[in-house]
Amino acid sequence: MSAVVDTHAHGHHDHHGGYGGIMRWITTTNHKDIGTLYLWFSFIMFSVGGLMAVGIRMELFSPGLQVMDPDFFNQLTTMHGLIMVFGAIMPVFVGFANWQIPMMIGAPDMAFARLNNWSFWLLPFAATLLVLSFFMPGGAPGVGWTMYAPLTVQMGIGMDLTIFAVHILGMSSILGSINIITTILNMRAPGMTLMKMPLFVWTWLITAYLLVAAMPVLAGAVTMTLTDRHFGTSFFNAAGGGDPVLYQHVFWFFGHPEVYIIALPGFGVISQVIPAFSRKPLFGYASMVYATSAIAIISFIVWAHHMYTVGMPVTGQLFFMYATMLVAVPTGVKVFNWVATMWKGSLTFETPMLFACGFLFMFTLGGFTGLVLSLVPIDIQVHDTYYVVAHFHYVMVAGALFAAFAGIYFWLPKWTGRMYDETLGKVHFWLTMIFFNVTFFVQHFLGLAGMPRRVPDYPLMFEAWNKISSIGAFGMGLSQLLFLYIVLKALRSGAKAPEKPWEGADSLEWTHLPTPVPYHTFETPPVLK
Amino acid sequence: MRGTRIVSVLAGLAGLAASGAAHAIAWYFQTPVSGIARDIDQLHQVIMWLIIVIFVGVFGFMFWACYAHRKSKGHQAEQFHENTTVEILWTVIPALILVIIAWPVTKTVIAQKDTSAPELTIKVTGYQWKWGYDYIKGEGEGISFVSMLSTPREQIEGNAPKGENYLLEVDNEVVVPVGKKIRVIVTAADVIHAWWIPAFGAKQDAIPGFLRDTWFRANEPGTYRGQCTELCGKEHGFMPIVVRVVSAEDYTKWVGERKQAMAAVAEDPSKTWKVDELVARGEKVYAANCVACHQASGRGAPPAFPPLAGSKLVNGPEPGQIDVVLNGRPNTAMQAFGKQLSDTDIAAVITYTRKSWGNKASEVQPAEVKARRK
C-alpha cells in the first residue's frame with residue numbers, strides 16, 4: 001500500500017512505481033502489473049507443458065517405442081501434469097483475480113501490495129526447480145503428478161527438487177489467497193454488499209478459502225514423502241508400520257478441492273461473459289452463490305472416489321459414491337442457470353462468447369463422464385485408463401482453459417485499450433474446439449476398451465484412436481501459436497478499443513472506468529447506486 | 001445393445017479415416033464373461049442413455065437460444081433473472097434421478113465386494129515388472145510361478161513385425177476352471193501395481209505390505225488379457241496379465257502337468273556345475289529378469305539402474321553379490337530375487353554377470369547361494 005500512496009503524494013497518476021525497465025516488474029506492487037506478470041508466466045508454462053504433451057503424443061502415435069525410452073516418457077507425463085496444474089491453470093486465474101477483483105469491487109489495489117509482489121515472484125523459482133529436475137542425475141521424477149508412494153522413494157534427486165517446488169508453489173498460493181480474501185472482505189466500495197459483488201469475485205472468494213484449506217495438506221503429503229526418502233521415517237512404508245494408501249488419502253484430500261480450485265474461477269469468468277453477450281442479467285445470482293459454496297463444501301468429503309480400487313470397505317465405497325453423486329446437483333444448477341441466462345436474451349457471438357459456449361458444452365460433457373466415474377462398479381472398470389484422462393481433460397482444458405481464453409478476449413480491450421482481431425479470434429476458437437475434441441473425445445473409447453494411462457506403448461487394437469488423438473494434439477498445440485500472435489498483434493497494432501467494447505457488460509470496471517484503465521484506479525471509492 | 005450398434009457404426013467410420021491401422025479397432029468394453037462385468041456393462045449403457053437424453057435436452061435449449069434469440073435477428077433481451085419454481089424443480093429433479101440410479105449401483109457394489117466362499121484362491125504378487133502367482137487354496141494348491149511379458153524386445157523396438165497379442169502375452173498364463181468362484185488376493189513386493197482383467201470386471205490395486213482381494217467367476221472358456229493399471233516405474237506398460245479359463249477336466253489335467261513340471265524343476269542345489277553350463281543358463285535368466293534395467297550391455301542406466309560391467313560388487317567377493325540378488329536393495333527397483341528364483345538360477349545368473357562384459361570374477365555354485373539364504 002505504501003508504495004501506491006507514495007506515488008500519489010507526488011501526483012504522478014500514470015507513474016509506474018519508482019523504476020523503469022525490468023526493475024519496474026521486479027519491484028512492482030501494482031495489482032495490474034502483477035496480474036500481467038501472472039498471465040505471461042502462465043502462458044510460458046502453458047507452452048512448456050504443451051511441448052511435453054506433444055512429446056507424449058509423438059511417442060503414442062504408433063505402438064512400439066520410437067521417440068523416447070519409458071523412463072523419460074514417465075518423466076514427461078509427470079511434469080506435464082504438474083506444470084499445467086500448478087504453473088499454467090492456477091496462475092492464469094490468479095492473474096485474472098489481480099487485474100479484476102480490485103476493479104470489480106471498487107478498491108484501489110490489493111490489500112497487501114508487497115505480499116502480492118512476493119506471491120508472484122516465488123513462482124519463477126518453483127518453475128525453475130521443476131524444469132531443473134530434468135537435468136539432475138536420474139532425471140525428473142517419473143511418478144505421475146499424483147506422486148504416489150512408495151514409487152517416489154525410488155526416484156533420484158529430481159524428486160526432491162519437485163517436492164521443494166511444490167512447497168514454494170503452495171506458499172505462493174496461500175499468500176495470494178490470504179490477499180484475495182482480505183481484499184474482498186475489507187476493501188469493497190461503500191454500497192458493494194457481498195450479494196452485489198460480481199460472481200467472478202464470489203467464486204474467487206470461495207476458491208481462496210479452498211486454497212488456504214487444501215494447500216497445507218499437499219505440503220504435508222510431500223513433506224512426509226521427503227522424510228520417508230531421506231530421514232528414515234515410514235509414513236508410507238508397511239515394513240516400518242506405515243501405509244502406502246495413507247499417502248493417497250492425504251494427497252486426494254488436497255487433490256479433490258484442487259479440482260474446484262481450478263474450476264471455480266473459470267465458472268466466475270463464464271458468469272461475467274455469458275450475461276454480457278446475452279445483454280441480460282445473470283439468471284439465479286443467489287442460487288449461483290449457494291451452488292458454488294455447496295460445491296466447495298462437498299469437495300472436501302469426496303476425496304476417496306479417486307481410490308475406489310485400493311480395496312476400501314464397502315461402506316467407504318458407498319459413502320464416497322453417494323457424496324460424489326451429490327456434486328452433480330449444484331453443478332447442474334450452475335449449467336441450468338447459464339443456459340437460462342442465454343434464454344430470451346439478445347445474443348451475439350464474439351470470441352469471448354464463443355469460448356463461453358464452448359466451455360458450457362464441453363465442461364458439461366466432462367461433468368457427465370464425472371457422474372459415470374462416480375459410480376463405483378463402472379469406475380473400477382475404467383479407473384487408471386484413458387477414460388479418466390479424457391474426463392479430466394474435458395474438465396481442465398475445456399473447462400478451465402476455455403474459461404481463461406474467454407476471459408482474456410473479454411478483458412483484453414479493457415486492460416490494453418486495444419481490440420484483438422475478431423476474425424482471427426474466431427478462427428482460434430474453432431481450431432481449438434475442433435482439435436481439442438479430436439484429441440480427447442476418442443480417448444473415451446481407448447479407456448472403455450481397456451488402454452491403461454501412463455503407458456509409453458500399447459497393444460495394436462488401440463492404434464487407430466491413438467493416431468487420431470495425436471494428430472488432434474499436434475493441431476491443438478499449433479493453434480495456440482495463433483493465440484500468441486493474436487495477443488501480440490493486438491498489443492502492437494490493434495485498433496483502439498471503444499470506450500465500451502461490449503454493450504452488455506455492466507460490472508464496475510466497464511461502467512466506472514475509462515478504456516484503457518489508468519495505472520491507478522478507484523483512488524477514491526466509486527459511488528454506487 | 002441398439003446403442004452400441006449405432007456408436008459402432010460411427011466408430012467404424014472414424015476408424016476408416018485412420019489409415020494404416022491394420023488391427024481391429026476396440027472402442028467399447030470387451031465382451032463381459034463374468035456376472036459383474038455384465039452388470040457394469042448394463043449400468044454403463046443405462047447411464048449413457050440417461051446422459052444423452054439430459055444432454056440433448058439442456059443443449060437443445062442452448063442451441064435454440066443461440067439460433068432464435070440472436071441480436072442479428074432483432075431479438076430483444078428480456079430482463080427476467082429468477083424464477084423460484086423453476087430453480088427448485090431443477091434442484092429436486094436431478095436429486096431424485098440420482099437416488100434412482102444409486103439403487104441398482106449399490107447392489108452391484110455389494111456383490112463386487114463379496115469375496116466369501118471361493119472355490120479357488122490365488123494370491124497375486126506384483127513385482128517390478130512381472131506378476132507372481134501362488135495357488136493357495138482349492139484344486140491346484142501349491143502351484144506357484146512367475147508370469148512375465150513374452151513379447152520379444154525386437155518387436156517393441158520396431159526391429160520385428162508386431163504379433164497379434166503384442167504386449168498382451170506372457171510366458172506363464174494363469175489357468176482357472178470355468179464357472180467357479182475364484183478369489184484373488186492381491187499384494188505387491190515393491191511399489192503399487194494393479195491387477196486387472198477387463199472381461200471379468202475385476203481390478204484391484206496391489207499394495208506392498210497389505211493384502212486386498214477381489215473375485216471373479218468366468219462363464220466362458222477362453223483366454224482373457226489385461227494389463228497393470230497403476231504406474232509402477234519404467235516398465236509399467238510391459239507387465240500384462242493373461243488368464244486362461246478352461247473346463248474342469250482340462251483344469252485338473254493342467255494341475256497334474258504343472259505339479260509334475262514343478263517336481264522336475266526342483267533341482268539338487270548341492271550339485272556342482274561347470275562354469276560354461278552356469279553361464280549358458282545364466283544368460284537366459286538374465287534375459288528374463290535383469291535386462292530391462294541393467295541392459296544387455298551390462299551398462300545399466302545410471303543412476304537409477306547401476307551398471308554391472310566393471311562393477312565393484314560384481315567383481316568383488318561372492319557373498320556380497322549373492323546377498324544383493326537374494327534380498328534386493330530397499331527403496332530401489334532391485335528386488336529380492338530369493339523369493340522368485342531357485343538357488344541354481346541365482347547361481348547361474350550371478351556367474352553370468354561375473355564372467356561377462358569384461359568382468360573376470362569367480363563363478364558361484366548353487367550351494368553357496370543356499371548357504372546365504374536366511
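In which order do the five strands of the open sheet in chain B stand? In this predicted model, the order is S3-S2-S1-S5-S8, and the pairing is mixed. The edges of the sheet are taken by S3 and by strand S8 (212-216) of chain B; each has a single partner strand, so one side of each lacks a neighbour in the sheet. On average, neighbouring strands of this sheet are turned by 25° against each other, with direction ignored.

Both senses of pairing can be illustrated within the sheet. Strands S2 (residues 130-137) and S3 (residues 144-147) of chain B pair in the antiparallel sense over four bridges. Within this pair, B:Asp134 has B:Ser144 in S3(B) as its bridge partner. S2(B) and S3(B) form a hairpin, with six residues between the two strands. B:Gly138, which lies in the turn, has a positive phi of about 105°. Strand S1 (residues 120-127) of chain B, by contrast, pairs with strand S5 (residues 182-188) of chain B in the parallel sense, over seven bridges. Here B:Ile182 in S5(B) is the bridge partner of B:Leu120.

In chain A, a helix pair was examined. The axes of helix H6 (residues 157-186) and helix H7 (residues 199-230) of chain A come within 8 Å and cross at roughly 155°. Angles over 145 degrees count as roughly antiparallel, and H6(A) and H7(A) are therefore roughly antiparallel to each other. The crossing of H6(A) past H7(A) is left-handed. Sorted by class, the contact of H6(A) with H7(A) has 20 nonpolar, five polar and two charged residues.

Notes
Residues numbered from 1 in each chain as written. Chains lettered and ligands numbered in written order. Predicted model: local features only at pLDDT ≥ 70, side-chain atom pairs only at ≥ 80, totals over all residues. Pairing = 2+ DSSP bridges. Axes fitted to C-alpha atoms, helices over the stretch in contact; angles between N-to-C directions. Parallel < 35°, antiparallel > 145°, perpendicular 65-115°, else oblique. Left-handed = near helix turned anticlockwise from the far one by under 90°. Nonpolar A, V, L, I, M, F, W, Y, C, P; charged D, E, K, R; others polar.
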